[in-house]
Amino acid sequence: MFIDTHTHIYTHEFADDRAEVVARAQAAGARMLLLPNIDAASVEPMLQLCKQYPGLCFPMMGLHPTELPPDPAPLLSAMRQRLSAPDHPFVAVGEVGIDLYWDDSRRAEQMQVFALQAAWAAQLHLPLVVHCRSAHREVVDVLRPMATTLSGVFHCFGGTTEEARELLDTFPHFVLGIGGVLTFRKSTLPQTLADAVPLHRLVVETDAPYLAPTPHRGQRNEPAYIPLVLQKLADVYARPLDEVARTIMQNTLRAFPRLPQHL
């Protein structure tokens with residue numbers, strides 16, 4: 001059994017076979033699929049999928065750093081209003097963060113928007129799902145003042161051993177999200193995990209449709225491929241696969257307390 005903690009199967013890449021993707025995920029052992037929001041346009045497709053698959057698909061709410069509109073204030077206000085509803089369905093604030101890989105021209109604004117959404121997570125006692133690309137120092141600087149009041153996931157972690165240690169030491173209530181990159185032939189992530197990251201500080205994810213694990217690298221990713229990541233984790237930690245899967249499941253339920261806690 002597994003929970004894919006980060007999957008975008010509501011996007012157009014799955015328009016032709018979404019039901020089959022969900023069926024394959026369940027056949028592979030998926031008990032829940034967590035759906036991060038990206039922008040204004042993704043909200044309704046995401047929520048519609050959650051209505052279609054209650055108890056399986058669970059939404060998050062947030063504004064992705066590469067999707068900032070020219071003036072993000074109205075959209076952020078609308079998102080905050082959704083999160084304030086007493087019966088809201090959201091299991092986390094996400095996917096939010098800082099991405100300076102392609103464009104660093106709005107660095108200050110990305111940091112400001114990220115800080116605002118992190119504050120929502122602290123105020124509402126929701127986990128924070130963090131996107132970080134070429135912005136490790138900026139992410140740490142934004143979150144450090146809230147380190148003791150925040151929990152969540154550093155999504156798609158692929159950093160160095162030193163970066164892993166800093167994140168885990170500075171943010172004791174966070175876990176690292178691990179996906180297909182772990183299985184890539186030249187990935188340094190297996191050694192980083194072995195050197196610096198206890199198994200109880202990990203969750204698994206696909207980031208579908210992106211970053212499919214070997215042997216599907218370069219193809220569209222989907223939640224049914226999570227067992228490949230779990231098997232690689234079992235290899236890295238030299239533990240039985242069922243023990244790894246059980247530990248990761250416990251980590252995930254602890255990281256997302258709004259999920260059903262009894263499977």
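Trainee: Before any residue is discussed, what does buried mean here, and what does exposed mean?
Mentor: The model is a predicted one. A residue is exposed when its relative accessible area is over 50%, and partly exposed in between the two limits. Buried means a relative accessible area under 20%.

Trainee: Is Leu76 buried or exposed?
Mentor: Leu76 sits in helix H3. Its relative accessibility is 6%, and the limit for a buried residue is under 20%. Leu76 therefore counts as buried.

Trainee: Which residues is Leu76 in contact with, leaving aside neighbours within four places in sequence?
Mentor: Contact means heavy atoms within 4.5 Å. With the neighbours within four places in sequence left aside, the contacts of Leu76 are Leu63, Val113, Leu116, Gln117 and Trp120.

Trainee: How far apart in space are Leu76 and Gly180?
Mentor: In sequence, 104 residues separate Leu76 from Gly180. From C-alpha to C-alpha, the distance in space is 31 Å.

Trainee: What span does helix H3 reach from its first C-alpha to its last?
Mentor: H3 covers residues 73-84, which makes twelve residues. At 1.5 Å a residue, 16 Å is expected, and the helix comes close to that. The span it reaches is 16 Å.

Trainee: Why are the buried residues of H3 on the same side of the helix?
Mentor: The buried residues of H3 are Leu75, Leu76, Met79 and Leu83. They are on the same side of H3 because the arc they cover around the axis is only 100°.

Trainee: Which exposed residues does the face of H3 turned away from its buried side carry?
Mentor: What covers the buried residues of H3 includes strand E4 (93-99) and helix H4 (107-124). On the face turned away from the buried side, the exposed residues are Pro74 and Gln81.

Trainee: Which strands are the edge strands of the open sheet?
Mentor: The open sheet has five strands in the order E4-E5-E6-E7-E8, with parallel pairing. An edge strand pairs on one side only, and this holds for E4 and strand E8 (202-204). The edge strands are thus named: E4 and E8.

Trainee: In E8, which residue is the bridge partner of Gly177?
Mentor: Strand E7 (residues 174-178) pairs with E8 in the parallel sense, over three bridges. In E8, the partner of Gly177 is Val203.

Trainee: At about what angle to E5 does helix H5 run?
Mentor: H5 (residues 136-143) lies across E4, strand E5 (128-133) and strand E6 (152-154). Its angle to E5 is about 150°.

Trainee: Within what arc do the buried residues of H8 fall?
Mentor: In H8 (residues 226-237), the buried residues are Ile226, Val229, Leu230, Leu233, Ala234, Val236 and Tyr237. They line one face of the helix, because seen down the axis they fall within an arc of 160°.

Trainee: What covers the buried residues of H8?
Mentor: The cover includes strands as well as helices. Among them are strand E1 (2-4), E7, E8, helix H7 (189-196) and helix H9 (241-255).

Trainee: Is His125 buried or exposed?
Mentor: His125 is in the loop between H4 and E5. Although His125 is not a glycine, its phi is positive, about 55°. Its relative accessible area is 70%, and over 50% counts as exposed. His125 is therefore exposed.

Trainee: What is the phi of Cys156 near?
Mentor: Cys156 lies in the loop between E6 and H6. With a relative accessible area of 28%, Cys156 is partly exposed. Its phi is positive in a residue other than glycine, and the value is near 55°.

How values were computed
Residues are numbered from 1 along each chain as its sequence is written. This is a predicted model: local features need pLDDT of at least 70, side-chain atom pairs count only at pLDDT 80 or more; totals for chains, interfaces and linings use all residues. Side-chain values use heavy atoms; hydrogens and water are left out. Helices (H or I, at least four residues) and strands (E, at least two) are DSSP runs, numbered from the N terminus. The expected span of a helix is 1.5 Å times one less than its number of residues. Buried means under 20% relative accessible area, exposed over 50%, partly exposed in between (1.4 Å probe, protein chains only). The arc is that of the directions from the helix axis to the C-beta atoms. Two strands pair if DSSP finds at least two bridges between them. Axes are lines fitted to C-alpha atoms, for helices over the stretch in contact, and angles run from 0 to 180 degrees between N-to-C directions.
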